[in-house]
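Here's a quick walk through a two-chain model. Have a look at it first, then read on.

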Amino acid sequence: MHERLSFHIQRDSFLHRLNPLTKLVLTLALILIAFTFPWYWTPHILVLIAIIPLSIVGKVFREFSLTALRLIIPAAGFLFLMQAFFQPIGEDVIFKFYFLDITSESLMFAFRNAMRVFVMVSAFTLFLVTTHPSELMSDLTRRGLPGQFAYVIISTLQILPQMQAKAQTIISAQRSRGLDTESSFFKRAGSLIPLIGPLVFGSLVEVEERAIAIEARGFTSRHVKTSLHEIPDSAFDQFLRWALLALIIVSIGLNLWPS
Amino acid sequence: MAFINLQNVTYKYPLTKGPVLQNINLQVREGEFVSVIGPNGAGKSTLCYALAGFVPHFFKGEFSGEIEVDGKQSSKSTLDEWVLNVGLAFQNPFNQISGAKYTVFEELAFGLENIGVPRDEMKVRVEEAMALTGISDLADRSPYSLSGGQQQRVALTSILVMRPRLLVLDEPTSQMDPIGTREVFGVVRRMAEQGMTVVMVEHKMEWIAEFADRVIALKEGQILMEGRPNEVLTSDLLTENGFGVSRYTSTAREAKKRGLWRKDHLPVTLDEAVEGFKK
Ligand SMILES: Nc1ncnc2c1ncn2[C@@H]1O[C@H](COP(=O)(O)OP(=O)(O)OP(=O)(O)O)[C@@H](O)[C@H]1O
Ligand SMILES: [Mg+2]
């Protein structure tokens, strides 16, 4: 079983010490600028001057590069190929593959989009890796996000792997009673129907019990909630948030500017 | 005045045909440790829900009668006020994990965060509670990675840390080994001695006999019998009504038929049995 169900890696770094909301704004800023700033090389430059330096400042460069190699680059690479082949733009054919033409325009277009996706996924990865989920939620509730809403988000993040593990248990239990999960796809799909019952109804009963359990621990109490973890929020955090917001606005503004 | 006072409590779930609790009258004094026994479906868990306010505030259905704890009436309170006084830990420990926390320590602090306990006090209380139930070494583990018995300890601790006046426990040791079970009974006994009132559903007769002040036998939603553990747990009425009894009780009962058990009272625990057979 998973011992750790979050992506968070505990380190003592500048990035870890930033306020969770600041990091959220930073993530959004990187993504929005990569997608809207009207200069071709924006996402490429962002990788060099923001994503990689941030992973180093956050002391997670090794973990980040591993994730990038295993997950983000293959995904962005796939996107690159799809768009390079299937984007019908440009005249300047530089490569022919049966009926597919690759033009320099489609190549450039695909390269930029792949880099944008790379920035987006990387920024999110860095955010998740350097932010403690409970701290993020406590901080957001403190700022007025309804507690119920925060609970739903964070418990879903945790419960997905649980559901997966449970589906596996039910499959094993039913396979041991003769459920076929190994022949042809359609036969298998049909035979998985018995799985749905226990998973859904089991989950409903669980939801009811869990509701009772958290209620028994004062979840709907009208007291002002406190938080176990102290959440940093320095003047620098506030400055950074406003500065990033300004950058986002400038970037979107330039994008919309009639050229 | 009794600390807990149930008057004619009758309750039917929306989907059950008949009432699950029927005309329950029950008084418990402050600091008393009461154990509830009964066969499957007797309504033990439902009684726990009723004491903890979830019947009728959470489960709809038909409720009548009056539940009073510490002079306050359940029907006139709201659930969020009620749970401050009455703590409930129920059967399945897995579903009691909040799902919003990543370590046992955070999990135990969850309830205290909800009721606005200041951070420093919170840490002290969590550490004390962990020491009490012997789970200090689990503080940094993910609650999901624990064994069933460990999760049950966490569930119990997560309620103890809230310091309720009334502690309601529904089979809190069902996934524990004998050593764990004994420890939990010991902790609960100590809490009762410190003035916490305890109602605990259990099947483990030997431990009940050793630790509880009183036993209530529930059958088909009615109180069949109540009294001191030794009287209730060795009574013929229980066996006639299909309750399980301790193996020492059944052994001695068999022995009595053959004239090998000469004491008036049947034993519940090993010690009592050894004592009786020596004679
Ligand atoms: N949420 C519910 N909705 C409808 N009926 C329920 C619900 N929970 C329990 N019941 C029914 O109420 C009756 C008493 O159930 P309860 O869970 O209180 O018994 P119990 O004594 O705790 O049994 P066990 O030893 O199995 O835990 C049973 O017939 C059960 O089917
Ligand atoms: Mg029960």
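## A strand pair in chain B

In which sense do strand β7 and strand β8 of chain B pair, and over how many bridges? Strand β7 (residues 166–170) and strand β8 (residues 197–201) of chain B run parallel, with five bridges between them; strands are DSSP runs (E, at least two residues), and two of them pair if DSSP finds at least two bridges between them. Asp170(B) sits opposite Val201(B) in β8(B).

This is a predicted model, where local features need pLDDT of at least 70 and side-chain atom pairs count only at pLDDT 80 or more, while totals for chains, interfaces and linings use all residues. Residues are numbered from 1 along each chain as its sequence is written, chains are lettered from A in the order in which they are written, and side-chain values use heavy atoms, with hydrogens and water left out.

## The sheet around it

Six strands of chain B make an open, mixed sheet, ordered β6-β7-β8-β3-β9-β10. β6 (86–89) and β10 (222–227) of chain B are at the edges with a single partner strand each, so one side of each has no neighbour in the sheet.

## Where the chains meet

The contact (heavy atoms within 4.5 Å) takes 37 residues from chain A and 46 residues from chain B. Between chain A and chain B there are three salt bridges, a salt bridge being a side-chain nitrogen of Lys or Arg within 4 Å of a carboxyl oxygen of Asp or Glu. Arg119(B) and Glu230(A) join their side chains in a salt bridge, 3.7 Å from N to O.

Technical notes
Helix = DSSP H or I, 4+ residues; strand = E, 2+ residues; numbered from the N terminus.
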